[in-house]
Amino acid sequence: MTKSYITTPIYYVNAAPHLGHAHTTVMCDIMTRNRKANGVDTRLSTGCDEHGQKNQESAEKLGMDVMEYLDLRSSEFKKAFDLLDVDYDYFVRTTRPFHKEQVAAMEQKFMDAGLIIEKQYTGIYCKGCEQFKTESDLNDEGRCVDHPNMDVEEIDEKNYFFPLEPFRQRLLDHIEANPDFVQPPKFLSELKNMLAEPLEDLCISRPKSRVSLGVTLPFDEDFVTYVWFDALINYLTNLGWPGNDYQDYWSEVEHVIGKDILKTHGVYWPIILMGMGETLPKRISVHGHWLGSGGVKMSKSLGNVVDPLEIVEKFGADALRYYLARHMRAENDSQISVELIQGAYNGELGNKVGNLLSRAAKFSVDRFDGKIPTKGTLTAEDEAARAIALKAAQGFAEVFALTDIPARTEALVQAADELNNYFTAQAPWKLIKDPETADRAQTVLYVTLDSLRVLLEAFRQIIPTSADKALAILAAPVEEGVWSPELDRLEEGGTFGEVVALFPRVT
Ligand code: MSP
């Protein structure tokens, strides 16, 4: 892999950014940093899905002009991702003219190729999903399983449709030939199940009488495009498609999504791409959902909603980035709460990483005139401690998958914990008291700080701001670009930066 293009879903702007949005976006940022550190020329896109009925109704509810509302909300998303240290290359807004023009042109091509039909349709519509639903998508009360608190509507109207069934076998063949198409395997099986039965025609329009916020169909001005037939195309229009050498990155695209939108990305999107004659995505990486305390969906009425911006304000962006990276389970849903984040911040980042740095750095500053100690002959214990740090950091010196993130992050913290044990067992504060062993104290300090430096360099992919702050204390800044972990890079006799608390305890 020499190039890579990572995409987050583009988020509805009917409400403020929530934890789920933060999660996918931060995971994509971590994957991007990891690829860049491994020499892969990577681009990251994120942004907002600004069309559709629920965005329109949110503006109406506030009595705001729709465009003003969209400007305001999308700037909130941008600000949230900036606060979370997300280093994106593209921030999409589907209302931008270039995107709308390309969507309309694509639709005209579909029409001309006979891929679109017109028919009267009666169906159950869920605004939450912006989709027509089948009986199996509804719960016992006849509500959408993903939006049980919202009313569904029975709708009878003329619309335009893209028949998917003619492409189903081709998609199944593609999946068979590319078993990595969807990761992890649990979601590949779910996708195969979705493709086991004939597919219904995809409704690609909405009458303007119901929804006006969208791209007008080029062949019928009384209709706008159905939200998904427009939103998915952002992944291409970002790259300047159909021009601008978009294939360079498109051929390496990886979509990262939550499990709720597997059908749209795993079924609709590849088939739309087949209709366009485009290459299918290289990979769709799927994660489970965060649940609030009690192991249930977060909701205001249960009082278990975790607001990402409140967390950033209280603990800093890296506390949230760390929790999301370390504590999401690969294929399942995981729990989150302010208490759990606080516990991980104080107990894992603070006690295991931050404290070790301040203990070893402060001790060295006090005893060696602010200078980094000098290393002497290494013992087996020193070598073992160094090897542990190097091994954990190596996990970041190769391109990893979305599902690898929790275990690799955990390995860094575990290695820091082992360094703590090494430091405590070697007890440099005792060694320094005896002139016979005083040099040995310096070696222990050097090994501790240098091994920690290696871990912090890897940590830059997860918690970039804190890692850089820590590396500044060690006077060992890292330049952006290709990276690999190496021991003995800490400069003996170098001057420490100011020793500040990395993860001040929050109670
Ligand atoms: N606009 C569509 C996506 C169009 S992509 C071409 C959409 N938007 S959304 O605002 O509803 O965001 C959905 C995404 O948010 C999920 O796929 C997932 O990435 C993230 N999450 C939403 N809730 C989540 C959790 N509780 N936990 C983790 N992530 C979840 O769907």
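Predicted model: local features only at pLDDT ≥ 70, side-chain atom pairs only at ≥ 80, totals over all residues.

**Around the ligand**

From here we'll go through the ligand's surroundings, then a pocket, and then some local details of the backbone.

*Contacts with the ligand*

*The shell around the ligand*

- The ligand is surrounded by 22 residues, and the closest of them are Ile10, His21, Thr24, Asp49 and Trp290.
- Sorted by class, this shell has 10 nonpolar residues, 10 polar ones and two charged ones.
- Four elements each supply at least two residues of the shell: strand 2 (11-12), helix 1, helix 7 (227-231) and helix 8 (234-237).
- Which element gives the largest share of the shell? That's helix 1, with three residues.

*The second largest pocket*

- This pocket holds about 280 Å³ of space.
- Two elements give two or more residues to its lining, namely helix 1 (19-37) and helix 18 (464-473).
- Helix 1 turns up again with the largest share of the pocket lining, this time five residues.
- The lining is made of 16 residues in total, with Arg33, Lys36, Ala37, Arg460 and Glu480 lying nearest the pocket's centre.
- By class, nine of the lining residues are charged, four are nonpolar and three are polar.

*Cis peptide bonds*

- The peptide bond running from Gln183 to Pro184 is cis, with omega near -5°.
- To find Pro184, look in the loop between strand 8 (182-183) and helix 6 (185-194).
- Another cis peptide bond goes from Trp241 to Pro242, and its omega is near 10°.
- Pro242 belongs to the loop between helix 8 and helix 9.

- Asn244 isn't a glycine, yet its phi is positive, at about 60°.
- Asn244 is in the loop between helix 8 and helix 9.
- Is Asn244 buried or exposed? Its relative accessibility is 61%, so Asn244 counts as exposed, since the cut-off for exposed is over 50%.
- Asp85 is another residue other than glycine with a positive phi, near 65°.
- You'll find Asp85 in the loop between helix 3 (66-83) and strand 4 (90-93).
- Asp85 has a relative accessible area of 24%, so it counts as partly exposed.

*A buried loop residue*

- Where is Glu252? Look in the loop between helix 9 (247-250) and strand 13 (253-258).
- Glu252 counts as buried because its relative accessibility is 19%, and buried means under 20%.
- Glu252 and Thr42 are 210 residues apart along the chain, and their C-alpha atoms are separated by 9.4 Å.

Notes
Residues numbered from 1 in each chain as written. Heavy atoms only, no water. 1 Å grid on protein atoms, 1.4 Å probe; cavity = no way out; pocket = protein on both sides within 12 Å on 5 of 7 lines; lining within 4 Å. Points joined across faces, edges and corners; volume = space filled by probe spheres on them. Nonpolar A, V, L, I, M, F, W, Y, C, P; charged D, E, K, R; others polar. Near = heavy atom within 4 Å. Buried < 20%, exposed > 50% of the residue type's maximum accessible area, 1.4 Å probe, protein only.
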